[in-house]
Amino acid sequence: MSKTQCFHCSLPAPEPVVFFAEVEGKQQPMCCPGCKAVTEAIIAGGLENYYQHRTESANPIADLSQRILEELRIYDRPEIQKDFVQPADNTKSDDSRLVANLLIEGITCAACVWLLENHLQSLDGVERVIVNLSTHEAQVTWHSDQIPLSDILLAIHRIGYKAYPWRADHQEAMLKQENRTFIRRLAVAGLGAMQVMMYAIALYSGAISNDMPEMYRNLLRVVSAMVATPVVFYAAAPFFKTAWRNIKTRHLGMDVPVSIAIGGAYLASLWATFFANGEVYYDSVSMFTFFLLTGRYLELRARHATARAARALTNLMPPSCLKEIDGEFVRVPVSELQPNDKVRILPGDAIPADGILLSGSTSVNESMLTGEYLPIEKQTGDTLLCSSLNVDHPVEIQVTKIGDETRVASIIKLLQRAQQDKPAIAKLADKVAGWFVAAVLLVAICVYWGWSGVAPEDAFWITLSVLVVTCPCALSLATPAALTAATGYLHKLGLLVTRGHVLEGLHTIDHVIFDKTGTLTKGELSLTQVIPIEDCTQSLDQLTAMAAALEAHSEHPIARAFSITSQTFTASEVKNHLGMGIEGTINQQQLRIGRPDFAFPQSTLKTPESDGKWLLLADDNKPLCWFRITDSLRPEAAATVKRLQKMGKTVILLSGDTESIVANTAESLGINQWQAESSPDDKLSYIQNLQSKSHKVLMVGDGINDVPVLAGADISMAMGNSSDLARTSADAVLISGNLERLADAFNLTTKTRRIIGQNLAWALGYNLAALPLAAAGMIAPWMAATGMALSSLIVVANALRLSRSAKPTHSSGNQHADTFTKEAVV
Amino acid sequence: MESLIILIPIALVLIALAVKIFFWAVDDGQFDDLEGPAHSILFDEPQRKSSSNSDTTNTSDNNQ
């Protein structure tokens, strides 16, 4: 790449590079003051090794604002700490040491762990820090009388990570326990299988050369039985439990044939050992258990990883707000708010409860609730809705409704209703399992019946070898192995699948429905058009640069639309007229930008007709230029829509925004079906109508107003920077915010289904081929054991091909998309 | 061949021991992070205030 990259986060640094940091005597380019501050903090801590050891670049950094400092202070309150902090030693009451469980956001590789541990341990009062690379959890032990927790959290933020309290709740404890128990079972099965296999080889060679003294044969069998017993009763216990549950609920899952094979072979081998006739299958039993447990363990780890990632999405900072207490505004958790409280809301903050604007005016962004992307003007006495964003000025509101009574809560009620109606997607593996069990049992009975006519003394042993040979080891690994590999691969791409049915159901989808604001569009304002007034002499670039120089002095979202352009001018004597525009001097020229009646009051100019927000730039004598600010489309949106349409999916746009805007968007993306001004209720009934015509619907959205639809759709996806509610009610989250991943997911499911098909075909084929041989009494125990092991390994290896699928397609606009996501995070 | 009669029981005892040690390691939290420790040996250790990173949960504390 020819462009200069930020040394810290590897994003392109805007040319000319203005920020540098000294690393090991060299000036390294930085993309923003945030990265510069973090790099300097790392170097100052003597931790420059991080840059040598890291294998992934760091995440881009937001500046630490006063707001974050205040929010972190909330964590020093004991009532907030009680959720995630425990005393280090319960036995001593005078011990000031506490242990906090934190979730760290931004860990990309092992060097991050090293950096965090060393940086935090260098703080006075911090005793021990353990960071877990796979779960991103951190355990910090510190002396509460020497350093407040907020300082530790601040130190984490200083080096570019974010720390959230990790509530080690019941669910988390269960995951940990499940993981540990599973590893124990795996160890017992693994060690047991190796030992039994060793004895089995001696037994096989004895059986083949037929010269083993009976005493040694019996000794080896008894020892094998001793080792196999814990394998069956401890390691294989979960299979028996599930099978028993399946039988009680009259639902045949894969664990039923598995249990019949393990249990049957083990009992028959015991019989053979102690009554010294027939064959022993201890090796098959143990290896079978070990293979299946390995498959299940991989599945379990993938499941835990997504469960953790999903929980991390909801485990955010407790929302806080500035409440008036005795004439002063103090930051308190939102849960402490009561009706009639007075709350101050700063620009950029979310409104914590429904309330009435007490004085002044501002504009709020209600796109999360309505889908409308332009801020809405609010005057004194107007109602401000919970979860919308304050854009313009700091204002004070009087809380009218909290919690369950707010407008948002009514949408949540709709969500619960939609969840109940959600159609279920059947699991392929379970469907196969039912038939398989029936077939195996039927064949076993026939074989027994057939042989008892010919050779009654062999009938039992031949039936048993049929059961062992048809044991569905490969079959029960076929689907989970493929799904686990595919889920892991999607996670790497930036699509987090949080519910199991997504991959199995995606291929049935025929309608893909998009929300507009924040999903197909970036959901933030950007500069899309510049129209100079006719007799203006300056070039477009100059005009934009002048506007950017003025807007650089404002924090307003509109101002951010200009921030990408390079800074060739500097403005002085800048005055910010709230709600109107900005005034300043560039090259001794007095300039104004903002609303037309502010920039050039004597103007008779008409605002251009197209939608969006139009700003006018003017000097003292004449208007100069129009700037159009709109919510622009994601660069990959059009390509994604086209790819989906090529796959034969019907793409539909449902938005709460006004008709003209939605129509424009739909047209520029080539979407034929769209509906504007839809309420959450409308959207839900739209998809339910489709579902009633037996269409399968995938919904992609981000706002709170999309939540009921997300819950009601057959499969739903939320964008990475969605509202928390949308992310938790969706089946998958596009963490990267790149819509192309959606089309990639469709491609991957096709591939996954093909591999599952191959796996099932191979597993069934192997069983079918072995069945007649076993039924004819021609399979010796060693053949059964090797055949089973080989077919399982083949199935797993085939599934692993999914985790190194071809590189995803990249659209040209990607680099840009990344910089924009970055802004969104900031 | 007679040696089997002694060697096999010894092997069984050793396995039992191995399983016991493994169980202890699992309970000690050594298998909670299967990725991080593989990388951590690659980093140079700077001088630490306390050398307590190697031990894990519920160890007895040294500064009582």
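Two strands are taken to pair if DSSP finds at least two bridges between them; strands themselves are DSSP runs of at least two residues in state E, numbered from the N terminus. All views below are taken from a predicted model.

**Figure 1. Strand 27 of chain A with strands 18 and 28.** Strand 27 (residues 697-701) of chain A is joined to strand 18 of chain A by four bridges, and the two run parallel. Within this pairing, Ile513(A) has Met699(A) of strand 27 as its bridge partner. Four bridges also join strand 27 to strand 28 (residues 715-719) of chain A, again in parallel. Here Met699(A) has Ser716(A), in strand 28 of chain A, as its bridge partner. Strand 27 of chain A is mostly covered, five of its five residues being buried. Val697(A), Met699(A) and Gly701(A) point one way from the strand, while Leu698(A) and Val700(A) point the other way.

**Figure 2. An open sheet of three strands in chain A.** The strands follow the order 13-12-15 and pair in antiparallel fashion. Strand 13 (376-378) and strand 15 (389-390) of chain A are the edge strands, each pairing on one side only. Between strand 12 (residues 362-365) and strand 13 of chain A there are three bridges, and these strands run antiparallel. One residue pair in this view is Val364(A) with its bridge partner Ile376(A) in strand 13 of chain A.

Figure 3. The largest nonpolar core comprises 156 residues, and Ile262(A), Ala265(A), Val285(A) and Ala482(A) have the most contacts inside it. Leaving aside residues up to four places away in sequence, Ile262(A) touches Val232(A), Ala236(A), Phe239(A), Val285(A), Phe288(A) and Thr289(A). A further core of 49 residues lies apart from the largest one; Ala37(A), Tyr50(A), Leu102(A) and Leu153(A) are among its members. In soluble globular proteins, nonpolar side chains tend to be buried together. Helix 15 (residues 456-469) of chain A has 14 residues and reaches 20 Å from its first C-alpha to its last, close to the 20 Å expected at 1.5 Å a residue. Among the buried residues of helix 15 of chain A are Ile462(A), Leu464(A), Val466(A) and Val469(A).

**Figure 4. The side of chain A that touches chain B.** In this interface, 28 residues of chain A are in contact with 28 residues of chain B. Helix 2 (49-53), helix 5 (110-121), strand 5 (126-131), helix 7 (170-209) and helix 8 (214-235) of chain A each give two or more residues to it. Helix 7 of chain A supplies the largest share, seven residues. By class, the side of chain A that touches chain B consists of 13 nonpolar, ten polar and five charged residues. Chain B has two helices and zero strands, and 3% of its 64 residues count as buried.

**Figure 5. Ala187(A) in helix 7 of chain A.** Ala187(A) is placed in helix 7 of chain A. Ala187(A) counts as buried because 21 other C-beta atoms lie within 10 Å, the limit for a buried residue being 20 or more. With residues up to four places away in sequence left out, Ala187(A) touches Val19(B) and Phe22(B). The C-alpha atoms of Ala187(A) and Phe290(A) are separated by 8.7 Å, although the two residues are 103 residues apart along the chain.

**Figure 6. Two asparagines with positive phi.** Asn210(A) is not a glycine, yet its phi is positive, about 60°. Asn210(A) lies in the loop between helix 7 and helix 8 of chain A and is exposed, with 7 other C-beta atoms within 10 Å. Asn587(A) likewise has a positive phi, near 50°. Asn587(A) is found in the loop between strand 21 (581-586) and strand 22 (589-594) of chain A, and is exposed, with 10 other C-beta atoms within 10 Å.

**Figure 7. Confidence along chain A.** The average pLDDT of chain A is 80, and 90% of the residues score at least 70. Where pLDDT is low, the predicted coordinates should not be read in detail.

How values were computed
Residues are numbered from 1 along each chain as its sequence is written. Chains are lettered from A and ligands numbered from 1 in the order in which they are written. pLDDT is the predictor's confidence in each residue, from 0 to 100. The expected span of a helix is 1.5 Å times one less than its number of residues. A residue is buried if 20 or more other C-beta atoms lie within 10 Å of its own, exposed if 12 or fewer, and partly exposed in between; C-beta atoms are placed from the backbone. A nonpolar core is a set of buried Ala, Val, Leu, Ile, Met, Phe, Trp, Tyr and Cys residues joined through C-beta atoms within 7 Å. Two residues are in contact if their C-beta atoms, placed from the backbone, lie within 7 Å. Ala, Val, Leu, Ile, Met, Phe, Trp, Tyr, Cys and Pro count as nonpolar, Asp, Glu, Lys and Arg as charged, and the others, Gly among them, as polar.
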